[in-house]
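Here is a short note to read beside the model. Keep the structure open and check each point as you go.

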Amino acid sequence: MKTETIAIHAGNQTDATTGAVVQPIITSTTFERMEDESFRGDYIYSRSSNPNRTALENVLAALEGGAVAAAFSSGNSAGMAVFQALQPGTHIIAPDDMYHGLRNQLKTLFAGILEFDFIDINNTEVLAGYLKSNTGLIWIETPSNPLLKVTDIRKVVALAKQHNIKVACDNTFATPICQQPIKLGVDIVMHSTTKYIGGHSDILGGALIAAEDNDFWQKIKQVQYMGGAVPSPVDCYYLVRSIKTLPYRMRGHVQNAQLLAGFLDKHPAVERVLYPGLPSHPNHEVAKEQMSGFGGVLSFIVKGNREDTHRIINKVKLFTKATSLGGVESLIEHRATVEGPDTKTPFNLLRVSVGLEHIDDLISDLAQALG
């Protein structure tokens, strides 16, 4: 099946009792045993599994071309499950511009338990130099947040396979509509389903999808079950509903982002635009090869200082000043402020989540704000 068909059908099952075309929400936390102590189906207790969560995990696995999936209550809890499944003392290599929530998680919660280095993963020579005998995971994030760096997934995977190292990819910015890392050799894909998969800024969630149901995956599933950081049946239901329109929403996000990036790239008040869809992006050719769309997020660097940047962000009218991305509404934020005192993000950078408003209105709003 094609992506649009998978999105609609892989997470939906006609109700056997009523014939309802849309799978109902099952909120029960526990399920009845039969006289012989067996169960009617595969469900025992909702922390371990739930029909709505099964539907969500099925469609996510199908969209990413993976074998199995696990849904979590947030993107951070999904990422944490990967780290928790590693043996203590394992060495992780991660990008120097890794999403700050997971970076801080490693630096605070896993300090002294896991080893980690944050490096320029796009340079495979540098990456090779950081490999150790206890390196067990290479974490990549492409496109990255907020610098929109693009990692050559095939190159990283080829190096990792030589040393029997697992590769995990944060695919939140691209979504399975624009990029499928498992088909490029990645072992595990992570999503903050809060973002494009939810698509309406009203559901918190995360997910992991794996290429194989192997021993490491079973450790992740054990973390999911024993830790209990799982989404509610209602959240799973609405995520499945949102996924049905994901392929079409992403087309709009990508088209708007491309046009807005082109406008900003020519504006005299803008120093540089960071977007993989622009030929000026240093890894544009890699992005063209491994992505079917360039995503709906861009960042741009303002000519001027921090105060000039804040003046611009405070003049927009359609763009909402808010953290997060992937909703139908356009958001803009001063990323360095969000990331805090240890940020590596330039102070004159603004990150934009390009929504589904008419592109002429979005361009007009930024034009008046830039002056």
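1. Buried residues make up 53% of the 371 residues in the protein chain. Buried means under 20% relative accessible area, exposed means over 50%, and partly exposed lies in between (1.4 Å probe, protein chains only). This is a predicted model: local features need pLDDT of at least 70, side-chain atom pairs count only at pLDDT 80 or more, and totals for chains, interfaces and linings use all residues. Residues are numbered from 1 along each chain as its sequence is written, and side-chain values use heavy atoms, with hydrogens and water left out.

2. Now the overall size. A compact globule with 371 residues would have a radius of gyration near 21 Å, and the protein chain agrees because its value is 21 Å. The radius is taken over C-alpha atoms, and the globule rule is 2.2 Å times the number of residues to the power 0.38. Along the principal axes, the C-alpha atoms fill a box of roughly 75 × 50 × 35 Å.

3. Next, contacts. Take those between residues at least 6 apart in sequence: 69% join residues at least 24 apart. A contact means heavy atoms within 4.5 Å.

4. The protein chain has 14 helices and 12 strands. Both are DSSP runs, numbered from the N terminus: helices are H or I with at least four residues, strands are E with at least two.

5. Two strands pair if DSSP finds at least two bridges between them. Strands of a sheet pair through backbone hydrogen bonds, either parallel or antiparallel.

6. Which strands pair in the parallel sense over 2 bridges? They are β10 and β11 (residues 331-334). Lysine 321 has isoleucine 332 in β11 as its bridge partner.

7. β12 (residues 349-353) has antiparallel partners. β9 (residues 297-302) joins β12 through 5 bridges, and isoleucine 301 has leucine 349 as its bridge partner there. β11 and β12 pair over 4 bridges. Here isoleucine 332 stands opposite valine 352.

8. Is β12 enclosed or open? In β12, 5 of the 5 residues are buried, so the strand is largely enclosed by the rest of the structure. Both faces are covered: Leu349, Arg351 and Ser353 are buried on one side, Leu350 and Val352 on the other.
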